[in-house]
Amino acid sequence: EKNVAFSPFTSLFNQTGMPALSMPYGMHQHLPLAVQCAAATGGDQVLFALARELADNNDRSYVKAIVAI
């Protein structure tokens, strides 16, 4: 219950063992935007490919730098 209160959007993935990621995606009215994606168990490579695709199609250089790490 404490974990759900702290991070309500990731608890499901942590408890089920599903791969998930979140990454910055831009700004809106001076506030940061992010995307969160999840895949079926064992779908880690799908998420990495999606993150690369999102970064490659985003004009924010800091997003590209984070995904390159």
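Gly43 is buried, its relative accessible area being 11%. The cut-off for buried is under 20% relative accessible area, so Gly43 falls in that class with its 11%. This glycine is found in the loop that lies between β2 and α3. Across the sequence, Gly43 and Ala20 are separated by 23 residues, and their C-alpha atoms are 9.1 Å apart in space. The model in which these values were computed is a predicted one.

The protein has four helices and two strands, and from the N terminus on the order of elements is α-α-β-β-α-α. Of its 69 residues, 22% count as buried. Among contacts with a separation of 6 or more, 39% are accounted for by residues 24 or more positions apart.

The two strands come next. Strand β1 covers residues 20-28, and strand β2 covers residues 31-38. They pair in the antiparallel sense, over eight bridges. Together β1 and β2 form a hairpin with two residues between them. Gln29 sits in the turn and has a positive phi of about 50°. Within the pairing, Pro24 stands opposite Ala34 in β2.

Gly26 lies in strand β1 and is buried, with a relative accessible area of 4%. That value is under the 20% cut-off, which means that Gly26 counts as buried. Gly26 and Asn58 are 32 residues apart in sequence, while the distance between their C-alpha atoms is 8.2 Å.

In soluble globular proteins, nonpolar side chains tend to be buried together. The largest nonpolar core here has seven residues in all: Leu21, Met23, Cys37, Ala39, Leu47, Ala51 and Ala55. Both β1 and α3 (44-56) supply at least two residues of this core. Helix α3 gives the largest share, three residues.

Which sense does the pairing of β1 and β2 have, and over how many bridges does it run? The sense is antiparallel, and the bridges number eight. Where is Gly43 found? Gly43 is in the loop between β2 and α3, and this loop glycine is buried.

Definitions and conventions. Residues are numbered from 1 along each chain as its sequence is written. This is a predicted model: local features need pLDDT of at least 70, side-chain atom pairs count only at pLDDT 80 or more; totals for chains, interfaces and linings use all residues. Side-chain values use heavy atoms; hydrogens and water are left out. Buried means under 20% relative accessible area, exposed over 50%, partly exposed in between (1.4 Å probe, protein chains only). Contact means heavy atoms within 4.5 Å. Two strands pair if DSSP finds at least two bridges between them. A nonpolar core is a set of buried Ala, Val, Leu, Ile, Met, Phe, Trp, Tyr and Cys residues joined through side-chain atoms within 4.5 Å.
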